[in-house]
Amino acid sequence: MKYIAYGSNMVQEQMAFRCHNARLLGTGWLLNHRLEFYLHATVEKTRSKGARVPVAVWEIDEADEHSLDRYEGVPTYYIKRKATVQMRDGSEIEGLIYIMKAIRPYPPEKAYYNGIFHAYNRLGFGSEIETVLEPALQRTFRRGIKSRFYLD
């Protein structure tokens with residue numbers, strides 16, 4: 001099955017640890033969505049023109065899915081849905097995506113954010129750090145959240 005990752009599961013080392021059989025198929029974008037942080041990453045639908053979130057698409061098996069379910073706290077913290085991704089080559093792939101259910105009003109821990117930052121660079125999304133990743137972090141701070149976690 002196809003799994004769509006937009007947060008820490010874009011990090012290849014993280015996926016190798018969590019999902020021993022996962023194989024990276026490629027990268028693309030979740031269109032008409034934006035990245036948000038509520039301690040951890042999630043995606044939300046938006047009407048903003050041109051909005052998209054970079055993603056990594058993995059091939060996973062049933063054991064990997066069960067491992068992800070435990071890691072993501074399904075069904076309490078995240079829930080599973082189907083989504084369609086536009087791949088870099090213009091094709092579309094439908095796959096499993098985890099969407100946050102339990103909103104926690106805190107910015108991400110710095111190590112968590114940095115892992116996603118480095119994944120963007122490694123996967124060829126460096127130009128989208130300023131347009132997707134950093135704005136998501138700034139929206140967290142604009143919500144008036146006092147950071148206990150994010151330390152400069």
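This is a predicted model: local features need pLDDT of at least 70, side-chain atom pairs count only at pLDDT 80 or more; totals for chains, interfaces and linings use all residues.

Glu72 belongs to helix H2. With a relative accessible area of 9%, Glu72 falls under the 20% cut-off, so Glu72 counts as buried.

For a sense of the spacing, take Val11: Glu72 and Val11 sit 61 residues apart in sequence, and their C-alpha atoms are 15 Å apart in space.

## The rest of helix H2

Helix H2 covers residues 62-72, and Glu65 is found in it too. Is Glu65 buried or exposed? Glu65 is buried, its relative accessible area being 15%. The contacts of Glu65, again without residues up to four places away in sequence, are Met1, Ile60, Lys80, Leu96 and Tyr98.

The buried residues of H2 are Asp64, Glu65, Ser67, Leu68, Asp69 and Glu72. What do they pack against? Their partners are strand E1 (2-5), helix H1 (12-18), strand E6 (78-87) and strand E7 (92-100).

Have a look at the ends of the helix as well. At the start of H2, Asp61 has a side-chain oxygen that comes to within 3.2 Å of the backbone nitrogen of Ala63. Just after H2, Gly73 adopts a positive phi of about 70°.

## The E3-E4 hairpin

Over to the strands. Strand E3 (residues 33-38) pairs with strand E4 (residues 40-45) in the antiparallel sense, over six bridges. Across the pairing, Arg34 stands opposite Glu44 in E4. The hairpin has one residue between the strands, and Leu39 takes a positive phi near 75° there.

## Aromatic pairs

How many aromatic pairs does a search of the whole structure find? It finds six. One to zoom in on is Phe37 with Tyr112, an edge-to-face pair at 6.5 Å centre to centre, with 80° between the planes. Phe37 is in strand E3 and Tyr112 is in helix H3 (residues 110-122), so this pair ties together parts 75 residues apart in sequence. Both partners are tucked away: Phe37 counts as buried at 0% relative accessibility, and Tyr112 counts as buried at 16%.

There is also an aromatic cluster to find, formed by Trp29, Tyr120 and Phe125.

## The whole protein

Now zoom out. The protein has four helices and seven strands, and from the N terminus on the order of elements is β-α-β-β-β-β-α-β-β-α-α. Of the contacts with a separation of 6 or more, 71% are between residues 24 or more positions apart.

As for size, the C-alpha atoms fill a box of roughly 40 × 30 × 25 Å along the principal axes. Why does the radius of gyration agree with a compact globule? A compact globule of 152 residues would come out near 15 Å, and the protein has 15 Å.

Buried residues make up 48% of the 152 in the protein. The accessible surface comes to about 8,100 Å², and 49% of that belongs to carbon and sulfur atoms.

Note on methods
Residues are numbered from 1 along each chain as its sequence is written. Side-chain values use heavy atoms; hydrogens and water are left out. Helices (H or I, at least four residues) and strands (E, at least two) are DSSP runs, numbered from the N terminus. Buried means under 20% relative accessible area, exposed over 50%, partly exposed in between (1.4 Å probe, protein chains only). Contact means heavy atoms within 4.5 Å. A polar contact is a pair of N or O atoms within 3.5 Å; within protein, one must be able to donate a hydrogen and the other to accept it, and residues adjacent in sequence count only if both atoms are side-chain atoms. Two strands pair if DSSP finds at least two bridges between them. The radius of gyration is taken over C-alpha atoms; the globule rule is 2.2 Å times the number of residues to the power 0.38. Accessible areas come from the Shrake-Rupley method with a 1.4 Å probe; for residues, only the protein chains shown count as cover. Rings of Phe, Tyr and Trp (its six-membered ring) pair if their centres lie within 6.5 Å; planes under 30 degrees apart count as stacked, over 60 as edge-to-face and the rest as tilted.
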